[in-house]
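Thanks for asking me to look this one over. Could you keep the viewer open while you read my points?

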Amino acid sequence: MSKIVIAGGQPLVGRVRVGGAKNAALTAISAALLARGDVYLENVPNISDVEIMLEIIKELGSQYQWVSQDCVKINSPDNLSYTTPYQQVKKLRASNLLLGSLLARVGKANIALPGGCNIGSRPMDLHIKGLVNLGAKVELDHGYIKATTTGLKGGRVYLDFPSVGATENIMMAAVLAKGQTVIENVAKEPEIVDLANFLNAMGAKVRGAGTDVIKIQGVPELKGVRYSIIPDRIEAGTFMVAAAATRGDVLVENVIPTHLEPLTAKLREANIIVEEKDDVIHVKGEAEFKPIDLKTMPYPGFPTDMQSQVMAFLTITPGISIIVENVFENRLQLAEELKRMGAKIKVEGRTAVVEGVPQLQGTQVKASDLRAGAALIIAGLIAQGETEICNIHYIDRGYENLEDKLTGLGARITRVG
Ligand code: EPZ
């Protein structure tokens with residue numbers, strides 16, 4: 001099993017370019033199934049989650065081909081298969097995003113229930129509620145969601161929680177439904193807006209993405225198009241926190257600063273210098289860190305996907321910081337690994353109380369999920385001595401060439417085994 005080894009204590013200095021957004025790319029690959037004709041997706045990151053998603057649509061009958069380093073061409077015939085088996089969904093939970101696009105394109109979708117994962121239970125009740133309101137017949141059968149329709153019709157859906165995935169699945173089903181769909185209390189993440197822009201580029205009529213209500217007028221067909229994915233705000237945020245924590249001076253390039261406002265605000269509260277210039281964010285961690293309180297919330301609240309990285313930073317921030325994880329119930333388990341490095345963290349339910357210590361000590365730790373893995377890399381960068389991180393396959397799911405990018409900023413980091 002390969003692992004990452006870091007010799008800590010080196011401030012990150014220089015400039016780093018952020019790639020395309022994992023969570024926008026995975027949704028766009030599913031949405032591409034809706035189109036007749038060639039779809040070219042640009043700015044797609046070369047990460048294992050994307051590779052798996054492309055392999056899954058290939059097994060359904062789509063053709064895909066990388067036409068450059070970050071552009072993939074996808075073509076999906078009318079006679080697509082419509083079952084994503086458990087061994088695929090087990091590998092990639094996000095394959096549940098095929099539910100809406102398969103139902104819209106071929107009138108059927110059998111998607112294995114994703115089951116739980118390390119960050120929490122991952123229910124699909126809101127996805128199902130939405131599709132039923134659009135006229136689908138949905139049943140749970142032997143661990144599968146089996147959805148069929150003789151033709152989707154526009155409907156009204158109120159989401160009990162602004163679920164990102166449920167919003168996306170319902171949008172992808174609605175664009176080819178007959179009539180108008182109104183979805184209320186939707187997710188407002190930038191990835192939702194990106195999906196709407198991509199669908200509209202293919203000929204859909206989606207309005208209101210980024211607000212609480214999305215209205216969709218169904219159309220008979222979508223056509224192939226060339227579309228560029230938004231930059232990854234979580235990759236960008238990971239570099240921002242790493243720059244701050246290592247008391248570095250880093251220019252994070254190819255970002256959309258408004259997508260990072262919740263994180264920028266919190267880093268400034270912690271006395272980190274953050275300057276926004278067009279598509280670059282400049283982060284300097286030179287001043288005395290100040291403790292902060294943090295609550296993860298749906299966008300535009302503080303993103304749950306950045307909580308672990310900030311927890312690593314707060315372990316060496318003098319004073320008491322309080323983190324409340326409101327989105328995924330198991331996303332505080334990182335604390336146990338950070339405590340092995342000398343961090344002082346008390347976890348009670350969804351709340352972690354972090355008392356800053358002068359320094360972490362390097363040791364062996366293990367990643368439990370993608371963002372916890374990124375957080376342990378940040379901890380290794382600031383620790384005294386050497387840190388070994390195993391289970392790094394989690395990190396490869398969502399970060400392209402992370403060690404190379406960090407090495408380019410002066411980190412002493414290598415992958416061994
Ligand atoms: C997406 O997951 C992202 N994944 C996650 O990123 C991200 O953490 C999450 O949104 C929140 O921003 C992708 O886009 C592929 P949700 P998703 O549905 O869609 C509850 C990463 O690290 N819920 O918004 O699964 C659920 O229990 C990953 O890149 C229901 O109750 O997130 C959870 O508490 C991790 N019923 C909350 O909503 C449902 O039917 C948020 O889930 C669906 C969700």
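My notes follow as numbered points.

1. Please bear in mind that this is a predicted model, in which local features need pLDDT of at least 70, side-chain atom pairs count only at pLDDT 80 or more, and totals for chains, interfaces and linings use all residues. Residues are numbered from 1 along each chain as its sequence is written, and side-chain values use heavy atoms, with hydrogens and water left out.

2. Let's begin with strand E17 (residues 249-253). Because 4 of its 5 residues are buried, E17 is largely enclosed by the rest of the structure (buried is under 20% relative accessible area, exposed over 50%, partly exposed in between, with a 1.4 Å probe and protein chains only). Strands and helices here are DSSP runs, of at least two residues for strands (E) and at least four for helices (H or I), numbered from the N terminus.

3. E17 has partners to look at (two strands pair if DSSP finds at least two bridges between them). Strand E2 (residues 13-17) runs parallel to E17, joined by 5 bridges, and Arg15 has Leu251 as its bridge partner. With strand E19 (residues 280-284), E17 pairs in the antiparallel sense, over 5 bridges; there Asp249 stands opposite Lys284.

4. Which residues of helix H5 (residues 125-133) are buried? They are Leu126, His127, Ile128, Gly130 and Leu131. Their cover includes helix H4 (98-106), strands E9 (137-141), E10 (144-148) and E11, and helix H6. Gly135, which follows H5, has a positive phi near 95°.

5. Ser163 sits in the loop between strand E11 (156-158) and helix H6 (164-174), and it counts as buried because its relative accessibility is 14%. Beyond neighbours within four places in sequence, Ser163 is in contact with Leu126, His127 and Ala187 (contact means heavy atoms within 4.5 Å).

6. The structure holds 21 salt bridges (a side-chain nitrogen of Lys or Arg within 4 Å of a carboxyl oxygen of Asp or Glu). One of them joins Asp141 to Lys146, with the closest N and O atoms 2.9 Å apart. Arg36, Asp78, Arg105 and Glu221 are linked in a network of salt bridges.

7. Have a look, too, at Arg415 and Asp396, whose side chains meet in a salt bridge at 2.7 Å, N to O. Arg415 lies in strand E26 (residues 412-416) and Asp396 in helix H13 (residues 393-398), so the pair ties together parts that are 19 residues apart in sequence.
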